[in-house]
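Let's take a walk through a protein model together, stopping at a few residues along the way. Keep the structure open beside you and find each residue as we reach it.

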Amino acid sequence: MTQTEQARDFDHAIKDEDIERAKLLLGLDAPISIDEHHRQLSVDAIRQFAIGYGDDNPLFVDPSYAARTRWGGPIAPPMIHSALSKKLLGDKIPEDIRKATRGLFSGIHIFVSGQHTEWYQPVRPGDELYGFGGLESIEEKHSEFAGRSVIRVRRAVRINQRAEVVAIERTILIATERKKSRERGKYMDIKPATYTDEQIAEIDAIYAAEGPRGAEPRYYEDVRVGEQLPRMVKGPLTLTDMICFHAGGYGFGPYGIGGARVGYKNRQRVPKFYIKNAAGIPDVAQRLHWENEWSQSIGNPMAYDYGIMRECWLTHYLTDWMGDDGWLLRQHDEMRKFNYIGDTQFITGEVVGKRVENGNGVVDLEFRATNQRGEVTAPATATVALPSREFGPVVLPEPDPAVRRKAIAMMARHNELARGTKR
């Protein structure tokens, strides 16, 4: 049986009842019960995560340098919560709702389409991250490529072991019907990118000109509306890039993937996640990120990146620009097009506003990743707080008091259960 035939066997339609059942979860907060690849942050984990998406900022990778900054030591890149998390113990959603929503969208292709994240505290060596949250919204749509789809926004509040709110992320998840995607084949005519020596030299020249702002403050007063940000490049995307991103810690915990006996046990746990390859060997559906044949069987011309990988690239663009003393307050991004193996992303942006917010001088940015075909694959906006000659150093933002209270209650319940005590 070919992989295409295997994919056909894996086809599932989006069910009306699944959409209605999913609505039962709206507004319910529950502990996030995932142990990520990193459960406690170390200096090495910070460095590995940053290097995994191509970031060599010394604030993240050089502890002796980081010790001389305002932070007094290394801090993690903004997207660290995608690879660092411990299971939060706590009370589950009501049993009747849990049973009613079991197996939602089983067999449906789900991908990350974007994210809106707000950051409140740095994450340092020795920190642990926990999370709670749930479904914030759900919407059904129809598109030219995917046919029927369901868009869900999942909110997650990330807290450290001190119950401090570190970040709040809202992830856009799109569920599409695999059969619809394959039959339409909108992108199947896209050919793998190839490059001349001259084109590689042009890309290398951008890399050579890149670098973090570092210790030289970028003052709020010196930034002008309309100012263009320097260009950054990511690519051409290779399988090696995907391996490095995984080596940094992404993608193991949520999927439970592993080798040999660990993989076997995971296959028993989530059998529908494993689809036979051309050799008849059960392998993870996730391999569409590195195996062209499987990706083609479900409607794409070749393997493509993770949305979170590009989000890491977008935050890298900002942390390089703002310098050690700046703080990324919030970022909104959307994955509008696939980033295929062989593609190159050029990141550009500009300042579109500046103002005072909560005692900080802040600037608003619009930026985007554009591939070598001239297509914008990931538009984004962000707000960055910068040090100011008038207002002084950046003051970290405060989360909503209700969210803070919820975080304290969640961590208190976690500690209670961890000690084995009863209510």
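Start with Asp16, which counts as exposed because its relative accessibility is 53%, and exposed here means over 50%. Keep in mind that the model you are looking at is predicted.

Who is the partner of Asp16? The side chain of Asp16 meets that of Arg148 in a salt bridge, with 2.3 Å from N to O. Asp16 belongs to helix α2 (residues 16-22), while Arg148 sits in strand β4, so this pair ties together parts of the chain that are 132 residues apart in sequence.

Now move on to helix α3 (residues 43-52). Asp44 and Arg47 are three residues apart in this helix, which means they are separated by about one helical turn. Their side chains meet in a salt bridge of 2.9 Å, N to O. Asp44 is partly exposed at 39% relative accessibility, and Arg47 is partly exposed with a relative accessible area of 28%. Salt bridges can also share partners: Arg330, Arg355, Glu357 and Asp364 are joined into one network in this way.

Does a buried charged residue here have a salt bridge or none? Asp333 gives us a case to look at. You will find Asp333 in strand β9. Asp333 is buried yet has no salt bridge, and the nearest side chain of opposite charge, that of Arg310, is 8.7 Å away. A salt bridge needs the nitrogen and the carboxyl oxygen within 4 Å. What Asp333 does have is a polar contact of 3.0 Å between its side chain and that of Gln331. Beyond its neighbours within four places in sequence, Asp333 is in contact with several residues, including Ser113, Gly114, Glu311 and Pro379.

Next, let's look at the aromatic rings. The structure holds 11 aromatic pairs. In one of them, the ring centres of Tyr304 and Phe338 are 4.5 Å apart and the planes meet at 55°, so the pair is tilted. Tyr304 is in the loop between α11 (292-297) and α12 (307-322), and Phe338 is in the loop between β9 (327-334) and β10 (345-357), so the pair links distant parts of the chain, 34 residues apart. Tyr304 is buried, with a relative accessible area of 4%, and Phe338 counts as buried at 13% relative accessibility.

Compare that with Tyr317 and Phe367, an aromatic pair that is stacked, with 5.9 Å from centre to centre and 25° between the planes. Tyr317 lies in helix α12 and Phe367 in strand β11 (residues 360-371), so this pair ties together parts that are 50 residues apart in sequence. Both Tyr317 and Phe367 are buried. Rings can also gather in a group, as Phe245, Tyr250 and Tyr306 do in one aromatic cluster.

Rings can have charged neighbours as well. Arg70 lies over the face of Trp71, at 4.3 Å from the ring centre. In a second example, Lys354 lies over the face of Tyr220, at 4.4 Å from the ring centre. Tyr220 is also in contact with Val356, a residue of strand β10. Val356 is partly exposed, with a relative accessible area of 48%.

Finish with the backbone. The peptide bond from Gly235 to Pro236 is cis, with omega near -5°, and Pro236 is found in the loop between β6 (232-234) and α9 (239-247). Then look at two alanines with a positive phi. Ala163 has phi near 65° and is placed in the loop between β4 (147-160) and β5 (165-176), where it is buried with a relative accessible area of 7%. Ala260 has phi near 50° and belongs to helix α10 (residues 260-269); Ala260 is exposed, with a relative accessible area of 73%.

Conventions:
Residues are numbered from 1 along each chain as its sequence is written. This is a predicted model: local features need pLDDT of at least 70, side-chain atom pairs count only at pLDDT 80 or more; totals for chains, interfaces and linings use all residues. Side-chain values use heavy atoms; hydrogens and water are left out. Rings of Phe, Tyr and Trp (its six-membered ring) pair if their centres lie within 6.5 Å; planes under 30 degrees apart count as stacked, over 60 as edge-to-face and the rest as tilted. Helices (H or I, at least four residues) and strands (E, at least two) are DSSP runs, numbered from the N terminus. Buried means under 20% relative accessible area, exposed over 50%, partly exposed in between (1.4 Å probe, protein chains only). A charge sits over a ring if NZ of Lys or CZ of Arg is within 6 Å of the ring centre and within 35 degrees of the ring normal. Lys and Arg count as positive and Asp and Glu as negative; His and the chain ends are not counted. A polar contact is a pair of N or O atoms within 3.5 Å; within protein, one must be able to donate a hydrogen and the other to accept it, and residues adjacent in sequence count only if both atoms are side-chain atoms. Contact means heavy atoms within 4.5 Å.
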